[in-house]
Amino acid sequence: MKLFGPLHLSLLLTTAMIAGGLAWLCRTARVSPKHVRLLFGFGLAISEFGWWYFRYSHERLRISNLPLQLCDLSLWATVAACLLLTPFLVEFAYFAGIAGAGMALLTPDLWSPWPSYPAVYFFVAHGGIVIANIVLIYGGIFTLRKGALWRAFGTLLAFAAAVGLFNALFKTNYMYLCNKPRSATLLDAFGPWPVYLLVACGLGLLLYALLWLPLNNPAGARYAKQKRTDS
């Protein structure tokens with residue numbers, strides 16, 4: 001897939017339109033917010049189990065292909081957030097899900113051509129994470145608490161530290177903490193290891209702040225508090 005080519009741009013536009021449309025439909029009660037969040041919760045879980053079956057039936061389960069990437073964590077956090085509406089999980093899923101999966105959508109690390117199942121799964125899973133979290137917050141289903149940004153970012157750093165320890169023990173490269181991905185990504189512009197990790201950390205905090213910005217002003221706060229009663 002050509003980066004920012006017609007196909008890539010059309011998939012990005014479709015994801016944005018679905019997210020905005022569903023958020024508006026939930027907020028205006030044209031669809032049931034509860035049904036939408038449960039649909040995404042169960043749908044993402046079923047999709048992920050299907051992917052695990054496909055992947056591990058072809059690759060076999062190895063120490064180097066465990067579901068330990070950030071998007072794996074944010075996907076399951078999104079599933080739990082949609083199903084349970086637990087404040088901590090919604091906070092983490094919103095920031096890590098949109099920032100992480102959003103960046104993955106912008107610079108997809110595909111190892112199989114479109115429209116193969118792995119490529120379609122990549123956009124369904126990452127797009128689903130972004131859409132679900134936008135609907136949870138901007139669809140009026142959940143209101144983020146004060147300090148959500150720092151709790152979510154602290155959790156991200158703790159997970160990265162745990163994964164880094166795992167990488168050191170088992171010589172793996174989860175979250176690309178040891179080496180950059182083979183395909184072109186934004187990490188290529190961030191310098192060599194370990195400089196790109198520090199730059200990526202700073203960029204992550206900036207993305208979190210940008211995601212928090214529209215919710216951390218008087219107008220955004222009033223908007224966010226207008227929750228649907230059937231969420």
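The protein contains 8 helices and 0 strands, where helices (H or I, at least four residues) and strands (E, at least two) are DSSP runs numbered from the N terminus. Its radius of gyration, taken over C-alpha atoms, is 18 Å, close to the 17 Å that the globule rule gives for 231 residues, so the protein is as compact as a globular protein of that length; the rule is 2.2 Å times the number of residues to the power 0.38. This is a predicted model, in which local features need pLDDT of at least 70 and side-chain atom pairs count only at pLDDT 80 or more, while totals for chains, interfaces and linings use all residues. Residues are numbered from 1 along each chain as its sequence is written, and side-chain values use heavy atoms, with hydrogens and water left out.

**Burial**
- Of the 231 residues, 43% count as buried (under 20% relative accessible area; exposed is over 50%, partly exposed in between; 1.4 Å probe, protein chains only).

**Salt bridges**
- The whole structure holds 3 salt bridges, each a side-chain nitrogen of Lys or Arg within 4 Å of a carboxyl oxygen of Asp or Glu.
- Arginine 55 and glutamate 59 pair at 3.2 Å, N to O; they lie 4 residues apart in helix α2 (residues 33-59), separated by about one helical turn.

- Glutamate 91 is buried, at 1% relative accessibility.
- Arginine 145 forms a salt bridge with glutamate 91, with the closest N and O atoms 2.6 Å apart.
- Arginine 151 also meets glutamate 91 in a salt bridge, at 3.0 Å, N to O.
- Through shared partners, salt bridges join Glu91, Arg145 and Arg151 into one network.
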